[in-house]
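This report walks through a two-chain model, from a single residue to the chain contact. Please read it with the structure open.

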Amino acid sequence: MALKTEPIVVNMGPQHPSTHGVFRMRVTFDGEIIKDLEPVMGYLHRGVEKLAESRTYTQFIPLTDRLDYLASMTNNLAYVLAVEKLGNIEVPPRAQYLRVIMAEMMRISSHLMAVGFMINDMGAFYTPLLYMYREREKLLDLFEMVCGQRLTYNYMRIGGLSHDVPPEFLPALKKFVTEMPGFIDEYDQLLKENEILLARTKGVGILSKELAINSSASGPVLRGSGVKWDIRKADPYLVYDKLNFEIPTGTVGDIYDRYWVRMVEMRQSVRILEQAIEQLPAGEVRTALPHLVRPPCGEAYGHIEAPKGELGFYIISDTGVAPYRCHIRAPSLINLTALKDMVVGRMLADAIITLGSIDIVLGEVDR
Amino acid sequence: MDWLHWIIYVVIILVFVLTLVMSFILIERRVVGRFQLRLGPNRVGPQGILQPVADAVKILLKEDIIPSKVDRVVHLLAPIVTFAPAVLVFAVIPFQQAGPGLGFALDAPAAMANLDVGVLFVFAISSISVVGLVMAGWASNNKYALLGAMRTIAQMVSYEIPMVISVLGIVLIAGSLSLADIVDKQNIPFILLQPLGFFIYFLGATAEMNRSPFDLLEADSEIVAGVNIEYSGMKFAMFFLGEYAYALAVSTITSVIFLGGARFPWGLLPQSFIWLLVKILLVFFVMLWIRSTLPRVRIDQLMGFAWKFLLPLSLINLFLVAAEGMLPSGFTWPIVALNVTLAVALVVIWANRFYRVGGAKVA
């Protein structure tokens with residue numbers, strides 16, 4: 001007797017512990033095997049791009065904090081870089097170095113969360129995550145020292161920074177930079193050769209090189225697939241051309257490669273921080289600008305290598321006090337587009353960690 | 001005075017199970033907290049010892065929700081079917097052996113029923129709890145619960161086989177199915193004579209009670225707590241208590257079968273139920289250690305591990321025990337050395353082989 005079977009459709013999300021917010025996946029299962037997956041986004045849409053049109057250029061900076069709220073500083077940076085490009089505004093060298101320092105601190109912090117939550121999705125019950133929180137806490141203390149905030153910093157300004165760092169910041173950062181490699185070694189000890197972690201991540205959620213390029217993925221997801229593309233090298237901004245660092249690339253494009261790329265990038269970020277502290281010049285941190293910035297008529301695209309990938313702001317000015325149009329290229333959203341191809345034919349548990357390995361933040365996906 | 005015996009033991013077992021389950025909940029939260037660089041609950045009472053009481057009061061005051069589309073009878077019966085077997089197991093546990101002990105002497109093993117088929121009883125009863133979980137998964141009328149129930153059947157049925165075969169080795173050595181007899185025979189703890197058996201039993205038992213890294217049944221990050229997703233209030237508490245009662249049962253059985261129960265190792269001190277308690281806590285600590293260190297395995301890896309890794313090893317182990325049983329007596333220590341070496345060698349060799357044939361790799 002042939003039993004009649006039919007696929008089961010499960011709505012994972014928008015309330016689900018592993019969709020990292022209000023992301024929804026409409027998954028068709030055959031037993032535990034995924035037959036189809038349809039991502040549904042938009043539950044956190046706040047119309048940030050439209051809000052930009054009714055605020056002055058400076059007033060929009062705090063709103064960028066709310067995009068990728070795990071890496072607010074880099075959102076600030078990408079936006080002010082775009083406006084500075086539009087208005088041909090010079091930034092003092094000290095501010096440029098401090099911006100690099102902030103961006104790399106943010107990258108370490110964001111990667112810690114990405115790796116920690118990915119392993120949490122794998123079912124490790126918070127232990128690796130809480131070890132990573134220990135270091136993230138130190139970074140948040142540093143950010144608090146700089147600007148008084150721990151999550152949404154609002155520290156960058158058009159033409160520089162809101163103010164210089166306090167005198168106790170640099171010694172504290174130096175201490176962190178000397179300690180951090182030891183902590184990364186500790187994570188490697190806990191995770192790198194863990195048999196279960198290898199079995200769960202090797203060869204799972206493969207994103208081929210071609211598909212990665214065709215879906216215009218960026219950041220660790222693209223580099224995990226073996227494409228050596230990093231905007232810090234490909235189109236250097238700030239003072240990245242004066243700093244030595246390497247771009248790690250994976251070979252297979254599986255979850256393990258993405259994990260590995262993030263771990264190596266943290267080490268490289270520490271290296272950048274060391275050099276930036278050494279080269280940090282004295283001087284002003286902000287160019288004097290009129291209270292209301294009015295860039296000349298035109299358009300500009302400023303992009304940076306955010307922790308999650310290429311974060312770009314495309315701004316059109318009609319010489320008014322607010323952007324005529326502001327578009328945000330959010331890496332989380334674009335990296336997410338290849339999700340279906342990565343998980344169809346695999347199991348439920350694989351889909352969860354594949355999503356975790358892409359490292360999305362819903363504030364950025366839905367804007 | 002038969003009825004008095006029953007009543008006394010019912011009280012003893014209920015007090016034993018409930019107090020230890022309560023303390024297990026607290027110990028788990030505190031110990032896992034230490035593993036995770038945090039303190040754990042320490043606000044309610046000194047060192048947080050009243051936390052389980054506070055939790056119990058909270059959960060009793062919760063509204064008892066029965067979703068409208070559930071199968072009411074099965075839905076309400078499932079928590080009881082899950083919880084009861086975990087307590088029933090303790091009916092055959094010898095808390096202390098007959099003879100002189102620390103403080104007082106007994107003329108019979110301190111067990112509610114010293115069954116001649118104690119081991120069989122333990123495994124027969126404990127496998128009933130899977131029925132309760134399947135009932136819960138089916139009756140909840142929820143897709144996550146159903147997925148969880150499907151995983152449960154596959155997992156529990158698979159892991160029972162290597163687990164039972166590994167205990168057969170102990171039964172061969174002891175020559176009895178009675179738990180009191182098994183403890184009596186442990187002039188050295190059977191974990192030394194049967195390291196491989198212990199390894200297989202412990203892993204199998206970890207999977208049986210759905211603890212990490214085999215906690216697929218209630219994988220929070222995948223199927224959102226699985227079978228108990230639709231349960232609230234006291235019904236959920238029954239599942240929760242059942243899980244810990246089962247963890248307690250497994251710790252106790254492991255202590256009795258492999259660690260010598262109430263006996264102090266090598267009889268250096270008189271036997272006492274206190275040693276049993278210490279051993280139970282030790283075994284539970286190892287479970288917590290595993291839980292807070294390892295990520296979860298995937299369902300196909302889990303099944304592969306049971307059928308391709310644990311089952312062959314448990315059969316080899318049974319063969320070795322039978323072969324060693326034919327040796328004349330008096331070779332205890334050489335056999336211990338041989339078995340420990342063999343256990344390590346077999347696990348390493350089989351793990352490599354398991355990896356090569358693709359057991360742990362992608363399907």
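A residue counts as buried if 20 or more other C-beta atoms lie within 10 Å of its own, as exposed if 12 or fewer do, and as partly exposed in between. The model is predicted.

## One residue in chain B

Is B:Val336 buried or exposed, or does it fall in between? B:Val336 has 16 other C-beta atoms within 10 Å, so it is partly exposed. This residue is found in helix H14 of chain B, which covers residues 332-356. Beyond its neighbours within four places in sequence, B:Val336 is in contact with B:Leu192 and B:Leu193.

## Two helix pairs

Two packed helices are described by the angle between their axes and the distance between the axes. The table gives both values for one pair from each chain.

| Helix pair | Angle | Axis distance |
|---|---|---|
| H6(B) and H9(B) | about 150° | 8 Å |
| H4(A) and H5(A) | about 160° | 9 Å |

Take chain B first. Helix H6 of chain B spans residues 143-174, and helix H9 of chain B spans residues 195-208. An angle over 145 degrees counts as roughly antiparallel. H6(B) and H9(B) are therefore roughly antiparallel to each other. Their crossing is left-handed. Which residues of H6(B) meet H9(B)? On the H6(B) side they are B:Gln155, B:Met156, B:Tyr159, B:Glu160, B:Pro162, B:Met163, B:Ser166, B:Val167, B:Gly169 and B:Ile170. H9(B) answers with B:Gly197, B:Ile200, B:Tyr201, B:Gly204, B:Ala205, B:Ala207 and B:Glu208. By class, this contact of H6(B) with H9(B) holds 10 nonpolar, 5 polar and 2 charged residues.

Now chain A. H4(A) and H5(A) pack at about 160°. That makes H4(A) roughly antiparallel to H5(A). The crossing of H4(A) and H5(A) is left-handed. H4(A) contributes residues including A:Met105, A:Ile108, A:Leu112, A:Phe117 and A:Asn120. Among the H5(A) residues in the contact are A:Pro128, A:Met132, A:Glu135, A:Arg136 and A:Leu142. The contact of H4(A) with H5(A) divides into 12 nonpolar, 3 polar and 2 charged residues.

Strands of a sheet pair through backbone hydrogen bonds, either parallel or antiparallel.

One open sheet of chain A has 3 strands in the order E1-E2-E3, with antiparallel pairing. E1 and strand E3 (33-40) of chain A stand at the edges, each with a single partner strand, so each has one side without a neighbour in the sheet. Neighbouring strands of this sheet are turned by 20° against each other on average, direction ignored. Strand E2 of chain A, residues 24-30, pairs with E3(A) over 7 bridges in the antiparallel sense. A:Arg24 has A:Val40 in E3(A) as its bridge partner.

A further open sheet of 3 strands runs E6-E7-E8 in chain A, and its pairing is antiparallel. Its edges are strand E6 (298-306) and strand E8 (325-329) of chain A; each has a single partner strand, so one side of each lacks a neighbour in the sheet. The twist averages 10° from one strand to the next.

E6(A) and E7(A) are joined by 9 bridges and run antiparallel. A hairpin links E6(A) to E7(A) through 2 residues. In this pairing, A:His303 stands opposite A:Gly312 in E7(A). A:Phe313 has A:Ile328 in E8(A) as its bridge partner. A:Tyr314 stands opposite A:His327 in E8(A).

## Where the chains meet

How many residues of chain A are in contact with chain B? There are 28, and they touch 27 residues of chain B. The elements of chain A that give two or more residues to this side are strand E1 (8-12), helix H4 (93-121), helix H5 (127-147), helix H7 (195-201) and helix H14 (348-358). By class, the side of chain A that touches chain B has 18 nonpolar, 6 polar and 4 charged residues.

Technical notes: Residues numbered from 1 in each chain as written. Chains lettered and ligands numbered in written order. Predicted model: local features only at pLDDT ≥ 70, side-chain atom pairs only at ≥ 80, totals over all residues. Contact = placed C-beta atoms within 7 Å. Helix = DSSP H or I, 4+ residues; strand = E, 2+ residues; numbered from the N terminus. Nonpolar A, V, L, I, M, F, W, Y, C, P; charged D, E, K, R; others polar. Axes fitted to C-alpha atoms, helices over the stretch in contact; angles between N-to-C directions. Parallel < 35°, antiparallel > 145°, perpendicular 65-115°, else oblique. Left-handed = near helix turned anticlockwise from the far one by under 90°. Pairing = 2+ DSSP bridges.
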